[in-house]
Amino acid sequence: VSGTQEDDVLWIAMAGIHQIWALMLEGGKLPKGSDLKKGVCLRFAGSGNEENRNNAYPHKAGFAQPSGLSLALEEPWNCLFVADSESSTVRTISLRDGAVKHLVGGERDPLNLFAFGDVDGAGINAKLQHPLGVTWDKKRQLLYVADSYNHKIKVVDPKMKNCATLAGTGEAGNVVGPSFTQSAFNEPGGLCVDGNGRLLYVTDTNNHQIKVLDLETKILSMALPILKPEACDVPDNLPVQKDKITNLPRLPKSAPNVELPSLTVAPGQTIQFLLKLTLPLDSKLNEEAPSAWFITAEDNTWLLQGQQCLTGEIKDVSCPTVIPFQLPGGCVSAEATLAIRACLYYCSKGSSACMMAGVSFSQPLQLAGTDQGSSAQVELMHTFVTN
């Protein structure tokens, strides 16, 4: 960028409108542009047409869902590398004059966005399939490409315009093999080279992992597996997992709150709630919407520790929904309140009109020191009426 430093501009891939934008973090000038003030955000390249068109004038060039960007300020490159996903190409935008040029992939017809494949080669003879990420290796003067639909990491030598497979078998999988090419990815999407130029980090999207390629030893390892919470064993004495109490439906403001009589229970005792709901006449549950019940304890979250089931689906209101709840073995206070809530989506049988409705039941608890029996049963009854 003329007269500015590397961190003076934030480059933005606007995939949906097929353009590259620039946000000025400091005042300066873009190629073929006038002086711009700090904070200005504007189109830098791309006509907005969905195509694979190169042009000496950046606003006349065409992109197709540009997704990944990487900056190479050093000579002789001084350019922005672009992973143009839908055209299955890697392009360059000169930071001297804004010219948009082809590097690898695709074909010569700017309107053909189906020239994809998995072929190592030079320039237009190389084929990619929906590349998503690119990152520049200053140390080796090489560009790495996350070739997502080919399940590979490619390496591009911009001087020779040569593109070759660096890692991945080409088949979707999850294998940390003895070599790069024997390892398997599943739609890798993002890349980053560390500051020393030794490690290449890969977001292996469908495997929910971050993998690391050591570019010197050629050893692949797994840096950070992303585990689903339900796949982990959680001890009972840990706080309630946040995702269990935050990803819950929000009841409409019109939902009534039913206050229940106080219930005396003992630590470790089981409460069986019987949810009995009645819909308005000539109404039925919407099978395509997730009607559900859930339990919360906003001021007494210790009640929820160790609970295996805090929410469940309501499939049928013609019979009671059984909601089991076991009190923790250790009690923090002698009094507490549970909230059992239901969120329903139902439709009129005679028309296409559907609506959302809800009800909340507040159950005060008195914690006694002696066992009151193996279980207690509480009926939760409510009839919905048409407004």
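First, a term for the tour: a residue is called buried under 20% relative accessible area, exposed over 50%, and partly exposed in between, using a 1.4 Å probe and protein chains only. This is a predicted model, where local features need pLDDT of at least 70 and side-chain atom pairs count only at pLDDT 80 or more, while totals for chains, interfaces and linings use all residues. Residues are numbered from 1 along each chain as its sequence is written, and side-chain values use heavy atoms, with hydrogens and water left out.

**Stop 1: color by confidence**

Color the chain by pLDDT, the predictor's confidence in each residue from 0 to 100. The protein chain averages 87, and 89% of the residues score at least 70. Now select residues 228-246, where pLDDT stays under 50. For this stretch the model has 16 contacts (heavy atoms within 4.5 Å) beyond four places in sequence.

**Stop 2**

Strands here are DSSP runs (E, at least two residues), numbered from the N terminus, and two of them pair if DSSP finds at least two bridges between them. Select residues 9-14 for strand S1 and 19-24 for strand S2: they run antiparallel and are joined by six bridges. In the hairpin, four residues sit between the strands, and His18 takes a positive phi near 60°.

**Stop 3: the open sheet**

Move on to the four strands that form an open sheet in the order S6-S7-S8-S9, with antiparallel pairing. Its edge strands are S6 (66-72) and S9 (100-105), each pairing on one side only. From one strand to the next, the twist averages 25°; for such angles, axes are lines fitted to C-alpha atoms, and the values run from 0 to 180 degrees between N-to-C directions.

Inside the sheet, pick S7 (residues 79-84) and S8 (residues 89-94), which pair over six bridges in the antiparallel sense. Asp84 has Thr89 in S8 as its bridge partner.

**Stop 4**

Select Glu75 and Pro76. Is the peptide bond between Glu75 and Pro76 cis or trans? The bond is cis, with omega near 5°. As background, most peptide bonds are trans. Pro76 is in the loop between S6 and S7.

Glu75 counts as exposed because its relative accessibility is 53%, whereas Arg96, at 44%, counts as partly exposed. A salt bridge here is a side-chain nitrogen of Lys or Arg within 4 Å of a carboxyl oxygen of Asp or Glu, and the structure holds 14 of them.

**Stop 5**

Show the side chains of Asp118 and Lys154, which meet in a salt bridge at 3.1 Å, N to O. Asp118 lies in the loop between S9 and S10 (121-122) and Lys154 in S13 (residues 152-157), so the pair ties together parts 36 residues apart in sequence. Asp118 is partly exposed at 32%, but Lys154 is buried at 0% relative accessibility.

Then jump to Glu379 and Lys276, whose side chains meet at 2.7 Å, N to O, in a salt bridge. Glu379 is in strand S28 (residues 375-383) and Lys276 in strand S21 (residues 270-278), 103 residues apart. Glu379 is partly exposed at 40%, and so is Lys276, at 26%.

**Stop 6**

Select Thr135 in strand S11 (residues 131-137). Thr135 is buried, at 9% relative accessible area. Leaving out residues up to four places away in sequence, Thr135 touches several others, including Ser70, Tyr144, Cys192 and Leu200.

Finish with Gln141, in the loop between S11 and S12 (142-147). Gln141 is not a glycine, yet has a positive phi of about 55°. His151, in the loop between S12 and S13, also has a positive phi, near 55°. Gln141 is partly exposed at 26%, whereas His151 is buried at 11%.
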